[in-house]
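Take a walk through the structure shown here.

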Amino acid sequence: MWMGLTLLAVESVEAAEEAGGLFDLNATLPLMAIQFLILMAVLNAILYKPLGNAIDERDAYIRGAKSGASERLAKAEKLAAEYEKSLADTRKEARNVIEAAQADAQQTAAQKQAEAQQEAASKREAVQKELDEQKAAALGQLEQQVDSLSDQILGKLLGSAA
Amino acid sequence: MLNTLHFFNASLLAKLEVGEHYYWKIGGLNIHGQVFITSWFVAAALIGVAFLATRKVERVPSGLQNLMEYALDFIRDLAKDQIGEKEYRPWVPFVGTLFLFIFVSNWAGALVPWKLFHIPSGELTAPTNDINTTVALALLTSLAYFYAGFRKRGLGYFKRYIEPTPILLPINILEDFTKPLSLSFRLFGNILADELAVGVLVLLVPLFIPLPLMVLGLFTSAIQALIFATLAAAYIGEAMEGH
């Protein structure tokens, strides 16, 4: 049933009217060649050219994007370095300003303190001086009063005695 | 004419015919109809897939475009390796069509159940199963490398026949004949042998047993397409660079 074996026996005994066999070369050959060339032309137009262009364009696009990206990366790195530097500068400057302000403030405080001390001293001196004056005046008055009192006492004593 | 020996009643699916052709007569010329039928199928398949793949070419490929770009990349690499970075581009269509046509032919012969389609005589098989096809492709390859050599180097192309020494002149001339001969017979023999081996095995053990041989057949079919295309590209490259 399955065994329909048709074997070949390459005996071209009755090959008179019709050619055949494995190595039967005929007009198939040139027609096949022409057909192949046509297929090549068609595939060139609808496959190799459009897809080749697509691949090349993509390559160019990727190359461009890549170089652009690396350019941008370099720029970004440069900017970052710049920012870093300016940040460091700014920090240094800020520290300087703070230090200057602190020194300034200290100086001012010291000056104010000195002034205040001086003022206090001069005020104390003035008060002392006034006190001394008043003391002297009071002593003078007291002496006067002592004199008059002693005069009165003397007069009374003498008057009563006389 | 071939004697056909029928051991048993011929089954439709498991009959082996070798050297029988389905003749068409065109203008008094005999041609093998079964070869043209299957080759039109192959060409239609290639053109159809190519058309679908490039209908809307996108930068980010998907589906068929991806597949065909993979194939095209493969072909370009093949041509680039054999012909060289500078000269390979004009030869991509030729080498690529060789590869695709032979590959699809071989696989169509192995995968498409041709036996289901009846033709008056002979049977439908891979186009590469016919010596006319392989000789046509091999002769085109010869023409291609002659054309490449002459276009690149003009009449200086003939110098390669006496290089490196004039003593090798006969061998160098002989090479121009052995190249197409080996190309065509290698392909023809491999495909025919594979189909015959599978056919005989199917005849003897119809189920499962022939499968490994069929897989091997697919592998050798692909390899044969690669070999043909690679050698064609190598011959073209060799003709252009000289010795």
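**Salt bridges between the chains**

Across all chains of this predicted model, a search of the whole structure finds 8 salt bridges. Begin with Asp56(A). Its partner Arg76(B) has its closest N and O atoms 3.2 Å apart. This pair crosses between chains, from helix H1 (residues 28-161) of chain A to helix H2 (residues 63-83) of chain B. Asp56(A) also forms a salt bridge with Arg89(B), at 3.1 Å between the closest N and O atoms. Arg89(B) sits in the loop between H2 and H3 of chain B and Asp56(A) in helix H1 of chain A, so this pair too joins two chains.

Asp56(A), at 27%, is partly exposed. Arg89(B), at 43%, is partly exposed.

Another salt bridge pairs Glu69(B) with Arg58(A), at 2.8 Å from N to O. Glu69(B) belongs to helix H2 of chain B and Arg58(A) to helix H1 of chain A. Glu69(B) is buried at 5% relative accessible area. Arg58(A) is buried at 15%.

Now turn to Phe101(B), in helix H3 (residues 92-111) of chain B. Its relative accessibility is 3%, so Phe101(B) counts as buried. Its contacts come from both chains, including Met32(A), Phe36(A) and Leu39(A), along with Val42(B), Leu46(B) and Leu137(B).

Chain A has 1 helix and 1 strand. Of its 162 residues, 15% count as buried. In chain B, helix H4 (residues 131-153) reaches 33 Å from its first C-alpha to its last. Just after H4(B), Gly154(B) takes a positive phi of about 60°.

Definitions and conventions. Residues are numbered from 1 along each chain as its sequence is written. Chains are lettered from A and ligands numbered from 1 in the order in which they are written. This is a predicted model: local features need pLDDT of at least 70, side-chain atom pairs count only at pLDDT 80 or more; totals for chains, interfaces and linings use all residues. Side-chain values use heavy atoms; hydrogens and water are left out. Helices (H or I, at least four residues) and strands (E, at least two) are DSSP runs, numbered from the N terminus. Buried means under 20% relative accessible area, exposed over 50%, partly exposed in between (1.4 Å probe, protein chains only). The expected span of a helix is 1.5 Å times one less than its number of residues. Contact means heavy atoms within 4.5 Å. A salt bridge is a side-chain nitrogen of Lys or Arg within 4 Å of a carboxyl oxygen of Asp or Glu. Lists of a residue's contacts leave out its neighbours within four places in sequence.
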